[in-house]
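My notes follow in the order I took them.

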Amino acid sequence: SHMAIETDAIIIGAGPVGLFQVFELGLLEIKAHVIDSLASVGGQCVELYPDKPIYDIPAVPVCTGQELTDNLLKQIEPFGATFHLNQEVTLVEKRDDGRFNLETSAGTRFVTKTIFIAAGVGSFQPRTLKVDGIDQFDNSQLFYRVREPARFAGKNIVICGGGDSALDWALNFVGKAESVILLHRRDEFRAAPASVAKMRELCDNYEMQLIIGQVTGYEANDEGSLNGIKVTGLDGVTRRLPLDYLMVFFGLSPKLGPIAEWGLDIERKQIKVGTEKFETNVPGIFAVGDINTYPGKKKLILSGFHEAALAAFGAAPYIFPDKKIHMQYTTTSPKLHKILGVE
Ligand code: FAD
């Protein structure tokens with residue numbers, strides 16, 4: 001496999017706190033790699049409430065989740081962090097030389113001196129279809145995200161869900177797939193009204209079909225491929241629906257996942273830290289933002305920002321053992337101006 005990337009710091013999670021951790025490390029001249037299981041940065045702010053206003057960021061009277069993320073990205077630009085998206089950190093282990101081996105689900109490997117866990121409520125995973133045995137078709141005929149749209153051209157596809165992802169993909173595949181059926185448990189949708197209107201128009205024109213019901217079973221052929229699902233309608237009747245591919249968009253739910261296996265002191269799915277450095281029980285591993293717990297913890301973005309600052313100072317001795325670290329003001333420090341590229 002590939003050579004491991006050697007680095008001083010890895011940040012797990014690109015939510016607001018992970019992004020600001022890049023800034024605080026950057027001021028101390030520590031370069032970071034940032035890893036997130038999602039395809040885009042911003043954590044809960046972008047995944048759960050991109051257009052909702054936040055009113056309690058100090059000195060920012062109001063901004064949306066997306067705006068906060070965009071501003072954080074702008075603020076950390078001088079530090080040139082490397083982002084590794086679409087991959088979950090699966091393994092963290094201490095090495096004999098005191099550093100850590102870290103691996104992601106995409107096979108990216110790192111050797112790092114310090115780790116900052118900014119994993120929020122855990123890594124967001126697609127909610128799965130709860131039908132016994134259907135997981136055997138995962139990533140062959142059953143998909144929770146679309147990575148290669150071309151695969152579905154000319155095929156009979158069924159898309160489950162009533163939110164934006166389900167609607168967007170259904171509309172996208174009309175005219176490309178042989179047939180498109182949207183399957184939702186009720187005749188109400190959480191998606192953008194314009195997409196819902198478009199979907200209804202396409203159904204009226206027989207270009208796609210909407211079925212109200214839930215998947216309650218499946219049928220496989222002798223070769224073991226999925227050739228149909230059983231759909232139970234609101235009338236209680238179960239009907240067979242033939243298909244080539246099934247796509248499910250039931251939204252994302254967070255899971256603590258592999259973090260639970262790294263030898264960290266965890267209490268109720270939260271990582272315990274001290275409030276001086278926000279370091280965990282494993283020296284060199286820090287935890288900041290929603291993922292950590294300590295007496296008086298409040299799951300607020302502003303608390304996470306403070307934690308990121310102290311964690312950076314706490315980590316500096318691991319990276320520069322011989323250097324005395326002084327706090328400096330960004331306003332007046334020529335050194336920080338140089339680092340920020342504003343001299
Ligand atoms: P998150 O934003 O949760 O980001 C964590 C990231 O880590 C995620 O992107 C996740 O995919 C990634 N991750 C997790 N595990 C792994 C892994 N193993 N490998 C790779 N990546 C991983 N707070 C406020 O201060 N003010 C508000 O007004 C406010 N309003 C809110 C409204 C709503 C509807 C919600 C849901 C929350 C609100 N919050 C608000 C809370 C705020 O969003 C959180 O405190 C904040 O997002 C925490 O940031 P974080 O960076 O710690 O974690």
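Predicted model: local features only at pLDDT ≥ 70, side-chain atom pairs only at ≥ 80, totals over all residues.

Entry 1: For a residue-level landmark, I took Ile271, whose bridge partner in β21 is Asn292.

**Entry 2: the whole chain.** I stepped back for the overall counts. The chain has 7 helices and 21 strands. Its C-alpha atoms fill a box of roughly 70 × 45 × 35 Å along the principal axes. Of the 343 residues, 36% are buried. I also looked up the contacts between residues at least 6 apart in sequence, and 58% of these join residues at least 24 apart.

**Entry 3: domains.** I looked up how the chain is divided. Domain 1 takes 5-124 + 253-340, and domain 2 takes 128-250. The C-alpha centres of domain 1 and domain 2 lie 38 Å apart.

Entry 4: I went to strand β6 (residues 89-94) and strand β7 (residues 100-104). They run antiparallel and are joined by 5 bridges. Leu91 has Glu103 of β7 as its bridge partner. The hairpin has 5 residues between the strands.

**Entry 5: α1 against α3.** I noted what to look for first. Two packed helices are described by the angle between their axes and the distance between the axes. Helix α1 (residues 16-27) packs on helix α3 (residues 65-76) at an angle of about 20°. Their axes are 9 Å apart. Angles under 35 degrees count as roughly parallel, so α1 and α3 are roughly parallel to each other. Their crossing is left-handed. On the α1 side, the contact is made by Pro16, Leu19, Phe20, Val22, Phe23 and Gly26. On the α3 side, I listed Leu68, Thr69, Leu72, Leu73, Gln75 and Ile76.

**Entry 6: the 7-strand sheet.** I turned to another open sheet, with 7 strands in the order β10-β16-β11-β12-β13-β14-β15. The pairing here is mixed. The edge strands are β10 (142-143) and β15 (238-242), each pairing on one side only. Inside the order, β11 and β12 pair in the parallel sense over 5 bridges. Val158 has Ile181 of β12 as its bridge partner. I then looked for a helix on this sheet. α4 packs there, touching β11, β12 and β16. The direction of α4 makes about 160° with that of β11.

**Entry 7: α4 in detail.** Is α4 mostly covered or mostly uncovered? It is mostly covered, with 7 of its 10 residues buried. The buried residues are Ser165, Ala166, Leu167, Trp169, Ala170, Leu171 and Phe173. What covers them includes β11 (156-160), β12 (179-184), α5 and β16 (245-248). I followed up on α5. The axes of helix α4 (residues 164-173) and helix α5 (residues 193-204) come within 10 Å and cross at roughly 40°. That makes α4 oblique to α5. The crossing of α4 past α5 is left-handed. From α4, Asp164, Leu167, Asp168, Ala170 and Leu171 take part. They meet Ser195, Val196, Lys198 and Met199 in α5. After α4 comes Gly175, with a positive phi near 90°.

**Entry 8: Glu219.** Why does Glu219 count as partly exposed? Glu219 has 13 C-beta neighbours inside 10 Å, and a residue is exposed at 12 or fewer and buried at 20 or more. Leaving aside neighbours within four places in sequence, Glu219 is in contact with Asn227, Gly228 and Arg240. I also checked Ile229, 10 residues from Glu219 along the chain. Their C-alpha atoms are separated by 5.9 Å.

Technical notes:
Residues numbered from 1 in each chain as written. Helix = DSSP H or I, 4+ residues; strand = E, 2+ residues; numbered from the N terminus. Contact = placed C-beta atoms within 7 Å. Pairing = 2+ DSSP bridges. Domains from an automatic or database assignment. Axes fitted to C-alpha atoms, helices over the stretch in contact; angles between N-to-C directions. Parallel < 35°, antiparallel > 145°, perpendicular 65-115°, else oblique. Left-handed = near helix turned anticlockwise from the far one by under 90°.
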